[in-house]
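This report describes two interfaces in turn. The sequence and structure are shown first.

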Amino acid sequence: MRWFRFAALLLVFAILQKGVLARWDHKPDLLLIILVFSAIYLNTSEAIISSFTIGFAADLVGSPIPMGPHMISFGIFGTLLAYLHRVIAIRRMPYQALAIFVIGLLSGVLTHVLAFLIKSEPLSRNIYAAVLVTSLYSGFVGPFLFPPAAWWMGVKIDRFRRR
Amino acid sequence: MLFTWFMLTGLILLFAPQELTGKFQLAFVHIFRWPLSMGGSVALTARTQQLAGGASQPGERQYRNYIANLQQTLDEQRRKFEKLYGLDNTFVWEGADFALADVITATTDGSRNELTIACRKTDGLTKGQYVLGDESVIGIVSEVFPQIAKADVKLVTDSTSWIPVEVAGLKNILKGNGDYTARIEWLKNAVKVGEDVFALKKAGLLDAPIIVGTVSRCERNTQNASLWDVTVEPACDIQKLEDVAVIIIRPPK
């Protein structure tokens with residue numbers, strides 16, 4: 001695992017998410033995509049560390065949602081996906097898209113529920129629609145970002161292996 | 001074990017006071033302000049090209065807002081003269097200062113609409129002050145970080161925002177929808193589409209009413225058919241804003 005390269009990729013995705021994509025109404029969540037990527041292609045302990053780190057980055061760029069909910073939800077679902085991948089291989093693009101969509105939905109809902117319960121953040125009427133749309137966009141875009149991300153990280157994505 | 005330690009860290013962040021953790025978020029924006037604002041400009045260029053067809057000109061909109069505000073200021077001044085001529089009267093906007101600020105990032109996630117701004121001066125900047133964009137009220141300062149000359153602005157379209165407004169002589173509360181529109185509920189009378197909505201004057205924050213937006217839809221309330229719900233579109237394209245002004249009202253000497 002090349003942690004420096006991972007940190008650089010995470011930083012670029014975080015800046016893109018907060019800069020270019022922030023002004024768009026409907027957009028993919030780049031950090032969610034890299035979360036699923038790391039859960040699928042890294043070994044379990046690396047996946048756990050990277051899931052929580054990506055969650056922390058999502059919290060940093062997640063203002064006005066307070067810090068904490070992203071780290072917990074990304075950490076939980078990233079870890080779950082990493083363990084699931086030991087049993088069920090997710091290597092075809094449709095399955096990867098489905099994994100991104102499902103993890104996006106679950107982590108999105110958990111993030112907003114945690115923010116609502118702990119920080120008394122209001123749940124607006126269209127929040128679940130927004131989570132659904134973001135997960136859909138991420139699911140469509142995500143699998144196409146996996147090969148360049150794998151190249152950057154030096155991960156071989158063609159080789160079939162379960163960890 | 002690894003999982004437990006990270007979960008603990010996450011929980012500490014979650015339960016830590018927001019005033020403290022908010023500084024991490026703003027520090028990130030402060031450190032990476034250059035790539036973030038550059039990314040924002042890219043998004044703005046793309047949006048401008050996309051909207052070029054039917055959208056109204058920003059300059060035209062700005063003049064329209066300016067004229068509407070001027071009319072309200074004049075009315076307010078007249079009222080003051082009539083009411084308090086014999087007393088120690090002050091002029092509308094006397095002592096008001098407009099702190100200019102650049103927009104670093106504009107965030108929308110379906111429910112929350114927020115701007116992070118870089119203020120050129122932070123003297124007198126506090127929470128709750130009104131923020132203008134294209135001569136119209138776009139939001140309220142929600143956090144100020146004077147050490148790094150940054151502030152967060154909760155937009156009027158944010159789902160947690162509410163400000164007192166007046167539309168067609170009816171006073172009410174404007175609440176954000178979270179999707180770059182806002183709403184006014186439980187109005188006694190129907191109002192015309194295109195009617196201007198003004199933020200009401202507030203002592204120490206707003207000297208005269210200022211335009212917030214225009215009515216884009218007026219329909220009967222679903223629970224009480226004798227009342228009306230109004231959808232309001234902001235008077236400026238908030239997503240395309242590059243600079244704003246914070247109204248700082250200084251107490252008269």
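## Domain 1 against domain 2 in chain B

Domain 1 of chain B and domain 2 of chain B bury about 1500 Å² between them, and carbon and sulfur atoms give 49% of that area. Three residues, Asn69(B), Gln72(B) and Glu76(B), supply 31% of what domain 1 of chain B buries against domain 2 of chain B, more than any other three residues. The model is predicted.

In the domain assignment of chain B, domain 1 covers 60–89 and domain 2 covers 90–249. Their centres, taken over C-alpha atoms, are 19 Å apart. Domain 1 of chain B brings 15 residues to the contact and domain 2 of chain B brings 20 residues.

On the side of domain 1 of chain B that touches domain 2 of chain B, 3 residues are nonpolar, 7 polar and 5 charged.

## Chain B against chain A

Contact between the chains involves 49 residues of chain B and 43 residues of chain A. The area buried between chain B and chain A is about 4000 Å², with 66% from carbon and sulfur atoms. The chains share 0 salt bridges and 2 residue pairs in polar contact, both at pLDDT 80 or more.

On chain B, the elements giving two or more residues to the side that touches chain A are α1 (2–15), α2 (18–31), α3 (33–51) and β1 (96–108). The largest share, 10 residues, comes from α1(B). That side of chain B divides into 24 nonpolar, 17 polar and 8 charged residues.

Conventions:
Residues are numbered from 1 along each chain as its sequence is written. Chains are lettered from A and ligands numbered from 1 in the order in which they are written. This is a predicted model: local features need pLDDT of at least 70, side-chain atom pairs count only at pLDDT 80 or more; totals for chains, interfaces and linings use all residues. Side-chain values use heavy atoms; hydrogens and water are left out. Contact means heavy atoms within 4.5 Å. Buried area is the accessible area (1.4 Å probe) that two parts lose on being put together, summed over both. A salt bridge is a side-chain nitrogen of Lys or Arg within 4 Å of a carboxyl oxygen of Asp or Glu. A polar contact is a pair of N or O atoms within 3.5 Å; within protein, one must be able to donate a hydrogen and the other to accept it, and residues adjacent in sequence count only if both atoms are side-chain atoms. Helices (H or I, at least four residues) and strands (E, at least two) are DSSP runs, numbered from the N terminus. Ala, Val, Leu, Ile, Met, Phe, Trp, Tyr, Cys and Pro count as nonpolar, Asp, Glu, Lys and Arg as charged, and the others, Gly among them, as polar. Domain bounds come from an automatic or database domain assignment.
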